[in-house]
Amino acid sequence: MQCFHCGREVHETRHWQKSYKIDYYRTHTGTGQWDYIESSKENTPPIRYLKLTDPVNILTCVQCYQRPEIKQKLDDDFRGIASLVAEMREPKQPHY
Ligand SMILES: [Zn+2]
């Protein structure tokens, strides 16, 4: 398992008698499409949600998780503003 952002090897959460150490966070995301579900209450608009058509798990190590630009990316992905997965699948633009 590797961190999605920096590529370092991440380890499962380790437990000791009185403590434990988390090494990574898992984000369940993927490419998706916006969909609507009818609200069960009357006179309320349908709820918009991102239906995942191609789910993936993204691992973020604890160091990357503390970096504000990475938190921002995860947040944008969660809100459906910018997809982390799309970024991953796009070929890197060569620099000239
Ligand atoms: Zn990392």
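Helices (H or I, at least four residues) and strands (E, at least two) are DSSP runs, numbered from the N terminus. By this rule the protein chain has three helices and four strands, and D35 is found in strand β3. The structure is a predicted model, in which local features need pLDDT of at least 70, side-chain atom pairs count only at pLDDT 80 or more, and totals for chains, interfaces and linings use all residues. Residues are numbered from 1 along each chain as its sequence is written.

**Overall architecture**

- Along the sequence, the elements of the protein chain follow the order β-β-β-β-α-α-α.
- Two residues are in contact if their C-beta atoms, placed from the backbone, lie within 7 Å. Among contacts in the protein chain with a separation of 6 or more, 52% join residues 24 or more positions apart.

**Confidence of the prediction**

- The predictor's confidence in each residue is its pLDDT, on a scale from 0 to 100. For the protein chain the average pLDDT is 84, and 90% of the residues score at least 70.
- Confidence in the protein chain is highest in helix α1 (residues 62-65), at a mean of 95, and lowest in helix α3 (residues 84-89), at 70.

**Burial and the nonpolar core**

- A residue is buried if 20 or more other C-beta atoms lie within 10 Å of its own, exposed if 12 or fewer, and partly exposed in between, with C-beta atoms placed from the backbone. Of the 96 residues of the protein chain, 12% count as buried.
- A nonpolar core is a set of buried Ala, Val, Leu, Ile, Met, Phe, Trp, Tyr and Cys residues joined through C-beta atoms within 7 Å. The largest one has eight residues: C3, F4, V10, Y24, I58, C61, C64 and L84.
- When residues up to four places away in sequence are not counted, F4 touches I58, L59 and T60.

**Helix α2**

- Helix α2 covers residues 68-79, twelve residues in all, and reaches 16 Å from its first C-alpha to its last. This is close to the expected 16 Å, the expected span being 1.5 Å times one less than the number of residues.
- G80 follows α2 and has a positive phi, near 80 degrees.

**Three exposed residues**

- D35 counts as exposed because 12 other C-beta atoms lie within 10 Å. Apart from neighbours within four places in sequence, D35 is in contact with Y49 and K51. Between D35 and L50 there are 6.0 Å in space, C-alpha to C-alpha, and 15 residues in sequence.
- N43 lies in the loop between β3 (24-37) and β4 (47-61). Its phi is positive, near 60 degrees, although N43 is a residue other than glycine. N43 is exposed, since 5 other C-beta atoms lie within 10 Å.
- E12 lies in the segment before β1 (14-15) and is exposed, with 10 C-beta neighbours inside 10 Å. E12 and Y25 are 13 residues apart in sequence, and their C-alpha atoms are 10.0 Å apart in space.
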